Amino acid sequence: MKIDGDLVYFNWADFVDPAVFKGFEREYGVKVVQSNFDSMEGMAAKLNAGNRYDIIFPTAKWAERLVQGHRLRRIDHSRLRNADAVLSRYDFFTDPWYDPGSRHTLPFTMYKTGIGWRKDKIGDELSGSWDDLWLPRAMGRVFVLDDRDEVLGLAALKRGLDVSTSDEDDLGEITATLRSLRPHLRGFSSNSYNNLLTGDAVMTQAWSGDMAAMLNQAKDQSVFGFEVAEEGAPLNSDCYAIPSDAPHPGTAMLFIDYMLRPENVRRNIEYIGYPMPVGGTEDTYAALVEPFPACVVFSGDLKDDLYFRNGDDRAERARDTAWTRVKAS
């Protein structure tokens, strides 16, 4: 591996500690040229428009789409000194469903979806079910994520259905369930921790990493709680990936290896609030989320098959239609 230019980086905003970027720039004598997206659809649109990046960060199902579309470069694990700290500790990632053999990706973060709430408004304990979003005392002050799969998924799990179902009858059950939630909702928002911090929400569907990040902002951590539902918690991974037309793939490989160094992993975990599956760094995340132990993602959780999956064109259209109905109801 060798530097072949500055790093053209494309990710969610504020998802790498600036000090880690500066360390990479200093060590390798390059600049990190940052661009950000606010959704996977936005990421895909930029790629499809011909924008070229050295490193991108798709979620699992979007990584599968990119792999199947021959849009990603192969990653030679033997050239990454620190890849073994992932693959030897988390065997799920040696052969994930979205990228067989992890030939084109390595995991960046992993996380689950649950419910965050304000104990000062709702009480210290919830029941541990998706039913909690329907609590009368939270009426009108509940948010769910502005995310099709996550919202359809919570209703699917509540009804004992597959999180990625596109069956017409299943989707009918799901939309009816979510219609009954509508009077409880203040809105759809993926800014979950700010909604809790400001009090706009007393309860919200939330990603575990965002709840952990919120702890850094909270004046009184004891005011807040986070649970995962007994019916199941959707899981996801963001991945390191190098587009097939990356202008500087050598720099991208060095960046991945640099990011996988344990000292950089620990620093980034503390900055973004998301666990990174690198062996030897688990204690850093456990300490960070001590008030929210439900945030921890264990290696066994990854095998529970609660990832959102891609469907064929018909299935995706059916889920899009259901989501449109949910938001319009």
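At the start of H7, a side-chain oxygen of Asp167 comes to within 3.0 Å of the backbone nitrogen of Asp169. The model described here is predicted. Helix H7 covers residues 168-181. Its 14 residues should span 20 Å at 1.5 Å a residue. The C-alpha atoms at its ends are 20 Å apart, which agrees.

The two sides of H7 were then examined. Asp170, Leu171, Ile174, Thr175, Thr177, Leu178 and Leu181 are its buried residues. Seen down the helix axis, these buried residues fall within an arc of 160°, so they line one face of H7. The face turned away from the buried side carries the exposed residues Glu168 and Asp169. The buried residues of H7 pack against strand E4 (142-144), H6, E5 and H13.

Asp170 is buried, yet it has no salt bridge. Arg319 is the nearest side chain of opposite charge, and it is 8.4 Å away. A salt bridge needs a side-chain nitrogen of Lys or Arg within 4 Å of a carboxyl oxygen of Asp or Glu. Leaving aside residues up to four places away in sequence, Asp170 touches Leu161 and Thr165.

Helix H13 was treated in the same way. Ala315, Glu316, Arg319, Ala322, Trp323 and Val326 are buried in H13. They cover an arc of only 125° around the axis, which puts them on the same side of H13. Asp313, Arg317, Thr324, Arg325 and Ala328 are exposed, on the face turned away from the buried side. Helix H3 (60-68), helix H6 (148-158), H7 and strand E5 (185-188) are the elements against which the buried residues of H13 pack.

Salt bridges were considered next. Side chains of opposite charge can pair when their charged atoms come close. The count comes to 15 salt bridges in the model. Lys61, Arg65, Arg148, Asp149, Glu316, Arg319 and Asp320 are linked in a network of them. Two members of this network, Glu316 and Arg319, are among the buried residues of H13.

Glu282 forms a salt bridge with Arg89, with the closest N and O atoms 3.4 Å apart. Glu282 lies in helix H12 (residues 282-288), and Arg89 lies in the loop between helix H4 (84-87) and strand E3 (105-118), so the pair ties together parts that are 193 residues apart in sequence. Glu282 counts as partly exposed, at 29% relative accessibility. Arg89 is partly exposed too, with a relative accessible area of 47%.

Lys112 and Asp301 also meet in a salt bridge, at 3.5 Å from N to O. Lys112 is in strand E3 and Asp301 is in the loop between H12 and H13, so this pair ties together parts 189 residues apart in sequence. Both Lys112 and Asp301 are buried.

Asp146 pairs with Lys327 in another salt bridge, and their closest N and O atoms are 2.7 Å apart. The pair links distant parts of the chain: Asp146 is in the loop between E4 and H6, Lys327 is in helix H13, and 181 residues separate them. Asp146 is partly exposed, with a relative accessible area of 38%. Lys327 counts as partly exposed at 34% relative accessibility.

Some loop residues were also noted. Asp14 has a positive phi of about 60°, although it is not a glycine. Asp14 sits in the loop between strand E1 (7-12) and helix H1 (18-28). At 52% relative accessibility, Asp14 counts as exposed. His70 likewise is not a glycine, yet its phi is positive, at about 60°. His70 is found in the loop between H3 and H4. His70 is exposed, with a relative accessible area of 67%.

Ala49 lies in the loop between helix H2 (40-48) and H3. Ala49 counts as exposed, at 62% relative accessibility. Ala49 and Arg65 are 16 residues apart along the chain, and their C-alpha atoms are separated by 16 Å.

Methods: Residues numbered from 1 in each chain as written. Predicted model: local features only at pLDDT ≥ 70, side-chain atom pairs only at ≥ 80, totals over all residues. Heavy atoms only, no water. Helix = DSSP H or I, 4+ residues; strand = E, 2+ residues; numbered from the N terminus. Buried < 20%, exposed > 50% of the residue type's maximum accessible area, 1.4 Å probe, protein only. Lys, Arg positive; Asp, Glu negative; His and termini not counted. Contact = heavy atoms within 4.5 Å. Arc of directions from axis to C-beta. Expected span 1.5 Å × (residues − 1). Polar contact = N/O pair within 3.5 Å; in protein donor to acceptor, adjacent residues only side chain to side chain.
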